[in-house]
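Reader: Please show me the structure. I would then like to discuss some of its features.

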Amino acid sequence: MKQRELILRMDNKELRRQLTLSQIIFILISLVLSFALFESFIAQWLHLFQWKIKEILFYGVLPGLVIVSIDLILTYLLPAKYYDDGGINEKIFAEQPIWFILVFSLLVAVSEELLFRGVLQTSFGFWFASLLFAFVHFRYLKKPVLLISVLFVSFYLGYLFYLTENLVVTIVAHFIVDCLLGFFIRFKREVWTR
């Protein structure tokens, strides 16, 4: 059975459980790989988390808002079929409570940035981590606009990490993108169903 069919068959409670489990697996993979790849596990992770407010605002918040703005503009300019992922994003966000969108977006941002930027980009480089990030979002591979979008976001987040060497920056940017687009999907549906 395809991923799309599995997700669309799940009720909201089961979907939340499966989505959370998938992100916990990413965190566990990050920890295992970092033990294997980092010379000093704790020192390496501490170095990657820097709470520099100006850097977080300029390289995290601002780029996150720019990415969301571009995506929203494109959703209005391009036909809906270019953004159709088979109803998966709609299922993930449209019927979920606000608290779940916030928590899940943060969990995704943390787990994916730990793995792709914190471990893979640090160990294997910008190109490898960015391409693998895009490939993990394989459901977009047959959707050119969505694929270009995820490639752009992947390389942009990788570039932000390259510039700052700060996971807080990429986590904040990633969170803003996922959370605001999740809210867009959820509230767009509410507005249209009134």
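**Helix, rings and surface**

Author: Helix α8 (residues 144-164) contains 21 residues and reaches 30 Å from its first C-alpha to its last, close to the 30 Å expected at 1.5 Å a residue. The expected span is 1.5 Å times one less than the number of residues, and helices are DSSP runs (H or I, at least four residues) numbered from the N terminus. This is a predicted model, in which local features need pLDDT of at least 70, side-chain atom pairs count only at pLDDT 80 or more, and totals for chains, interfaces and linings use all residues. Residues are numbered from 1 along each chain as its sequence is written, and side-chain values use heavy atoms, leaving out hydrogens and water.

Reader: Which residue follows α8, with a positive phi?

Author: The phi of this residue is near 50°. The residue that comes after α8 is E165.

Reader: Is L77 buried or exposed?

Author: L77 is placed in helix α4 (residues 53-77). Buried means under 20% relative accessible area, exposed over 50%, and partly exposed in between (1.4 Å probe, protein chains only). Because its relative accessibility is 65%, L77 counts as exposed.

Reader: How are the rings of F58 and Y59 paired?

Author: Rings of Phe, Tyr and Trp (its six-membered ring) pair if their centres lie within 6.5 Å; planes under 30 degrees apart count as stacked, over 60 as edge-to-face and the rest as tilted. The search of the whole structure finds 15 aromatic pairs. The centres of F58 and Y59 are 4.9 Å apart and their planes stand at 90°, so the pair is edge-to-face.

Notes. Helices (H or I, at least four residues) and strands (E, at least two) are DSSP runs, numbered from the N terminus.
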